[in-house]
Amino acid sequence: MPLQLSDTAVYWKNLAAIAGKALGQAARNNPARLFSNARQYPWLASFGAAPRLYHLLVGSRSGAYRQANARLLRAIFFHGTEAVHTLFDQPERLVLNEDLVPPEILFAMGLNSWFTEYLGFLLPMLQPELAEKYLDIADNAGVPPDICSLPRHIMGIAHAGNLPKPGAVITSNSPCDGGMASYTVIGRQLGVPVFYLDVPYNFYSERAADYFAGELESLIAWLEKHTPGRMDFDKLARICWLRNSMMETESALWDMLRARPAPLAAEAVYLTHLWSFIVRPGTQEALSLLEDITCLAKKNFDAQKGAVEKEQVRAFLWGVFPAFLTRMWVWAEKTYGLSFIMDSLSFSRLSPIDISSEKSMLRDLGRHIMAGPMARHSRGPMENYFDDLFFAVENFDIDMLMMSGHIGCKNAQALNGILREKCRERGLPLLVMEYDMSDPRIVNEKGVYAQVEHFMENVMRVKRLV
C-alpha cells in the first residue's frame, strides 16, 4: 500500500528535528574536546547509527502508529544528546545509577543521572560488533561467561576504561547475582564510592516498606556527603506528582490496548514505558511523551483501527527482549500479523505515590523502586511472578505467551517447568524463545525467527501474510 503524504511528512519532520538537535549540541562543544571524548569513549560513535534505527522503527509503520514511534524516538534522541553532554560537564554532579534505581532522588538533589545499563541496551541495537567486543573483554578479564550479558557487557566497558568517571555510583541487590556483582567491578575500576540499596526478599510487606524508606534516607545522607547535591523535598514532591500523572496517563493507554485490534503495539508501548519510567521519571518531558502517545492511541481507538494492519495474534512477552533484534516486531507484524501488546518489564500494578509528607513520599517511592522491572518478578514468593503474568494475559486478551529464554537469566529458567504446567492448565500457547539478550553469536537473528515461525505455523496455525 502506498504511503500517505502525511506519513512521509511525519517521517522527515521528526528526522530533521533529531538531526538538528544533534548538530546543535555538537556545535556547543569544543571540537578538540569532542575528538578527545570520541577517542576515550568509542561507543559515542555508535550514535551515528541512530538514523538506521529511526528508519526501521518509523519507516515500516503508518498512520498514528508511525507518528507514535517518531515521537518516541525524537524524545529518546533529544535526551540522548543532552545526556552525553552531562557525562563530561560537571563530573562531580554525575551519578551512575543502576537501571533498577530510578533517578527521582537524584533529580530532586540537583544531580545528573546516567543510567549505567543504558549502553548495554543501546549498543546491541546500534553497533552490535562493539557490544560483542565488550562482552569478550569481560570474558577475558575473568567474568563468568554464563551470567546475564547485560551486566557482563557493562563490566566489559568498565574493564576497557570506557565508562565516564562520576562523582558516585548507586546500585541495589536486584534483580540478580550478576547484576549485583557487576557494581563491585564498576566501583573498583572507576575508583569512586558506591552505595548499595538493600531490597528485602518479601518486598510487598509493610515491614519492608518501612525498612526501605530508611534505606532511602541513608542514601540521601550519603549523597550529600559524597556529592554537591542537596535534597529539596518540595522538588521531590513535584517530581512524584509528575510520576503519578505519568502512571494515570499510561493507565488510559493500557485500557485502550485491551481493544481488538490494538490501537498501538511494540516499541510505542514498551519502549515508551521503559524510557519514561526508568530514564526520565517524574519529568515534564516524559509526561508529555506519554500524553502524546496516548492521544495517538485514542486516534486509532476511536476509528477502531489497529496499529498492525492485519492483526491475527496478540502476544505478551515475559522477560527480557533480545536487544540486538531491533527488527523483531516489525518482522512479526508484517509476516504474521502479530501484535506485541505488552511485556513484563513494562507491566505493573503499583499505586500512586502519597506526596502529603516527606515520610510518605520516601515510603511510596521506595515501594516503586523495590517493585522495579524484573525485580518485582524475580524476588519474593512465586506468586509475585505468576499472579502478574496471568492477570496481564487476561486483562489484555492475550492469545499467546512469549517467554524469554535468555540464557543468562537463571531466575526465569528455573521456573519454566512450572510455567509450562500453568499455561497447559489454562490452554495458553507458550513459546519459550532461546536466545541471549545482547549476544547474537549465541542464537542469531535467523535462529530466533525460525523458532517463532515454527510456533506460529504449527501451534498457532495462523496464515503467513508475506
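**Figure 1. Contacts that reach across the sequence in this predicted model.** Take the contacts in the chain between residues at least 6 apart in sequence: 78% of them join residues at least 24 apart. The chain has 20 helices and eight strands. Its radius of gyration is 21 Å, close to the 23 Å that the globule rule gives for 466 residues, so the chain is as compact as a globular protein of that length. Along the principal axes, the C-alpha trace spans about 60 × 55 × 50 Å.

**Figure 2. The surface and the charges of the chain.** Of the 466 residues, 60% count as buried. The accessible surface comes to about 18900 Å², and carbon and sulfur atoms account for 55% of that. As for charge, there are 47 positive and 51 negative side chains. The centres of those two sets lie 5 Å apart.

**Figure 3. Cys 148 and Cys 409, with no disulfide to show.** A search of the whole structure turns up zero disulfides. Cys 409 is in no disulfide, and the nearest cysteine sulfur, that of Cys 148, is 6.7 Å away. A disulfide would need the two sulfur atoms within 2.5 Å. Is Cys 148 buried or exposed? With 11% relative accessibility, Cys 148 counts as buried. Cys 409 is partly exposed, at a relative accessible area of 27%.

**Figure 4. His 79 and the residues it touches.** Look for His 79 in helix α4, which covers residues 63-88. This histidine counts as buried, at 12% relative accessibility. Which residues does His 79 touch, not counting those up to four places away in sequence? They are Tyr 118, Trp 275, Val 279, Arg 280 and Glu 285.

**Figure 5. Leu 44, a buried residue in a loop.** Leu 44 sits in the loop between α2 (31-40) and α3 (50-59). Its relative accessible area is 18%, and the cut-off for buried is under 20%, so Leu 44 counts as buried. Leaving aside neighbours within four places in sequence, Leu 44 is in contact with Asn 37, Ala 38, Val 84 and Phe 88. Ile 154 is 110 residues from Leu 44 in sequence, yet 15 Å from it in space, C-alpha to C-alpha.

Figure 6. Pro 175 is found in the loop between β3 (168-172) and α9 (177-190). Pro 261 has its place in the loop between α11 (233-256) and α12 (267-279).

**Figure 7. Positive phi at Ala 266 and Asp 397.** Ala 266 is not a glycine, but its phi is positive, at about 50°. This alanine lies in the loop between α11 and α12, the loop that also holds Pro 261. At 1% relative accessibility, Ala 266 counts as buried. Asp 397 is also a residue other than glycine, and its phi is positive too, near 55°. Where is Asp 397? This aspartate lies in the loop between α17 (383-395) and β7 (400-406). Asp 397 counts as partly exposed, at 35% relative accessibility.

Conventions. Residues numbered from 1 in each chain as written. Predicted model: local features only at pLDDT ≥ 70, side-chain atom pairs only at ≥ 80, totals over all residues. Heavy atoms only, no water. Helix = DSSP H or I, 4+ residues; strand = E, 2+ residues; numbered from the N terminus. Rg over C-alpha atoms; globule rule 2.2 N^0.38 Å. Buried < 20%, exposed > 50% of the residue type's maximum accessible area, 1.4 Å probe, protein only. Contact = heavy atoms within 4.5 Å. Areas by Shrake-Rupley, 256 points an atom, 1.4 Å probe, with all protein chains shown as cover. Lys, Arg positive; Asp, Glu negative; His and termini not counted. Charge placed at Lys NZ, Arg CZ, Asp CG, Glu CD.
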